[in-house]
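This briefing goes through a single protein structure, topic by topic, for a reader who is new to looking at such models. Please keep the sequence and the structure in view while reading the points below.

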Amino acid sequence: MPEPQAPRPTLPDLTPPTGAARPEAARATRRRPLLHPGGLLVGTALGVLALTPGLIPRTGLFQGLVSGVMLAAGYLVGVLLGLLLRPLTRRTGRRLNGAAWTLLVVVLLLAWAVMGYLGFGWQADQAALLGIPGPQLRDWLIAIPVTVGVLVVLFVLVRGVRALPRWPRRALGVVGLVVVAAIAISLAGIPGFNPARTLLDRAFAVQNEGVFGGAAQPADPLRSGSPASLVSWDSLGRGGRTFVTTAPSPADLARASGHAAVDPVRVYIGLGASEDARERAQLAVRELARTGAFTRPVIGVVTTTGTGFADAEAMNALELAWGGDTALVTSQYSLLPSGLSFLLDGDRVREAGTTMFDAVRAAVDAMPPGAPRPKVVVFGESLGSLGSQAAFPTLDDVRARADGALWNGPPNSSPLWHGLVAGRDPGSPEIRPVVEGGRTVRFGGGSVTTHLPAAPPGPWPDPRVVYLQHASDPVVWWSPELLWSRPDWLAEPRGEDVLPTVRWYPLVTFWQVTMDMIRAQTVPFGHGHNYGPESLDAWMDVVPPPGWTPADTARVHAVQEVPDPTR
């Protein structure tokens, strides 16, 4: 008989029961949405707040950049908050369903639409306040694709990096750490070690060549770079070559001063002559002696901007009023534009301002007893103001060593300015502070004819110090503290060229003012970081010629005929 066969094993039934979801479908139902709801919520909050007005009117393109960066930053913050709150959401098991997502998107779009409409009106009001045309609607709408584009770029970068294999991601991480470390070390200002600055100096060296407007080497022996000069024409750099070739004409000097003019002295020492600040200062003193500058009634010690340029209107104003009987001296300390120089050149600008003034002051003090001595006044605008102020730790030092000072648009980080404003007399606002009753220093700006509108009454003995600062100048009011702290100028009544609707918001205001600095010189004179002919009135407060009157100032203004850059 055949042996009985063993029963076959029964295989388990793997067919899912009716109505059960397949594993792929189950995973699909749990798939995360493309966008994070918390990121969209926080990003929209910051993005729409960035539509509020700042200090300088914005174009649609600029508004898109301002709002786009805030949208991206807020999205990142929202995602990070979501990660921190993930344990809570896991316990509750709650997630946004389709209806909730629809409601969220509708609310966010409505917020963007309302704030975009209000923002357009604010920009028009701000432009009218500064006397310039407001934005056109079609230009304003450019902000929409630019804002979205910034967020899309962020997504593409993040997802692109995450899609890379492990070793390229690690390599990018190492490169990122090296770059961050180099920037941190450079910003720390360690003497003799600034890798970012060294690299950028090489990159911007080419911009130090050439001249503006086709200027040629001067034949006048009273100019640095002339055949009689101790420094060569080539060593001056572009800023220096501009400085020594743009003095007012003899005819303008005579018309402005009302008497026969003399040829002004202009001394400039570029980095091509020496990279050492003390050597440049000593060489400048020798140039001053060669030109007979110490016989002039006024010597102006100027600290330039990062690229070595000095404000032409301010230089010309002093020479026009004095009929050319002046000497101006300055030097180059950097090859970088002012924005980069502000971040990386703190030590160089302070050293340049201090060493030059100390050298000139020492030379004047060493003159024979009884010999007529020139008045030594100082000037700086923007970053140059920071460097020029560095020669004076306190206001008492200004009184003791200088015969006057004019500082235009001082950066908020200027120690002397900051200390004076912080210690202002009670009741005086930050935009127009009164210090010691106006005994030595006074603050003004914003109008050519009334440049010191808040000047306190009473005597104003020599030496006099004038700070020109506009309420709408972002260079004056920018500070890292804007990230987390409301400044006094936004807690007090706003300045005459700032909308009362300007408010402080954490992170947002910092970014708005940062971006405003880029466009700070695109507005008319008397606003933003554009001082122009105001310097003449301030100079005449600091160091006027004997017997000077307001009518004389008006005559110089007529000669200046400074064109408005926005018209």
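Thr-509 counts as buried in this predicted model, because its relative accessibility is 2%, which falls under the 20% limit for buried residues. This residue is found in helix 20, which covers residues 508-518. Leaving aside residues up to four places away in sequence, Thr-509 touches Leu-482, Leu-490, Arg-503 and Trp-504.

**An enclosed helix**

- Helix 21, made up of residues 534-542, is largely enclosed by the rest of the structure, because nine of its nine residues are buried.
- The buried residues of helix 21 include the charged residues Glu-534, Asp-537 and Asp-541, and also listed as buried are Ser-535, Leu-536, Ala-538, Trp-539, Met-540 and Val-542.
- The cover over these buried residues includes two helices, helix 13 (312-321) and helix 22 (550-560), and it also includes strand 4 (375-381), strand 5 (405-408) and strand 7 (465-468).

**How helix 13 meets helix 21**

- The axes of helix 13 and helix 21 come within 8 Å and cross at roughly 50°, and the two helices are therefore oblique to each other.
- The crossing of these two helices is right-handed.
- On the side of helix 13, the residues in contact are Ala-314, Ala-317, Leu-318 and Ala-321, while helix 21 contributes Ser-535, Leu-536, Trp-539 and Met-540.
- Sorted by class, the contact of helix 13 with helix 21 has seven nonpolar residues, one polar residue and no charged residues.

**How helix 12 meets helix 15**

- Helix 12 (residues 277-291) and helix 15 (residues 346-365) pack with their axes 9 Å apart, at an angle of about 35°.
- Helix 12 passes helix 15 in a right-handed crossing.
- From helix 12 the contact takes in Ala-277, Arg-278, Arg-280, Ala-281, Gln-282, Ala-284, Val-285 and Leu-288, and these meet Glu-351, Thr-355, Met-356, Ala-359, Val-360 and Ala-363 in helix 15.
- The residues of the contact between helix 12 and helix 15 divide into nine nonpolar, two polar and three charged.

**Aromatic rings**

- A pair of aromatic rings is described by the distance of the centres and the angle of the planes.
- The structure holds 10 aromatic pairs, and one of them is the tilted pair of Phe-120 and Trp-140, with 6.2 Å from centre to centre and 55° between the planes.
- Because Phe-120 lies in helix 5 (residues 98-130) and Trp-140 in helix 6 (residues 137-140), this pair ties together parts that are 20 residues apart in sequence.
- Phe-120 counts as partly exposed at 22% relative accessibility, whereas Trp-140, at 6% relative accessibility, counts as buried.
- The rings of Trp-477 and Trp-489 have their planes at 35° and their centres 5.7 Å apart, so this pair is tilted.
- Trp-477 sits in helix 19 (residues 474-477) and Trp-489 in the loop between helix 19 and helix 20, and the pair links parts of the chain that are 12 residues apart.
- Trp-477 is buried, with a relative accessible area of 1%, and Trp-489 is buried with a relative accessible area of 6%.
- Ring pairs also link Phe-357, Phe-392, Trp-407, Phe-443 and Tyr-467 into a cluster.

Technical notes. Residues are numbered from 1 along each chain as its sequence is written. This is a predicted model: local features need pLDDT of at least 70, side-chain atom pairs count only at pLDDT 80 or more; totals for chains, interfaces and linings use all residues. Side-chain values use heavy atoms; hydrogens and water are left out. Buried means under 20% relative accessible area, exposed over 50%, partly exposed in between (1.4 Å probe, protein chains only). Helices (H or I, at least four residues) and strands (E, at least two) are DSSP runs, numbered from the N terminus. Contact means heavy atoms within 4.5 Å. Axes are lines fitted to C-alpha atoms, for helices over the stretch in contact, and angles run from 0 to 180 degrees between N-to-C directions. A crossing is left-handed if the near helix is turned anticlockwise from the far one by less than a right angle, and right-handed if clockwise. Angles under 35 degrees count as roughly parallel, over 145 as roughly antiparallel, 65 to 115 as roughly perpendicular and the rest as oblique. Rings of Phe, Tyr and Trp (its six-membered ring) pair if their centres lie within 6.5 Å; planes under 30 degrees apart count as stacked, over 60 as edge-to-face and the rest as tilted.
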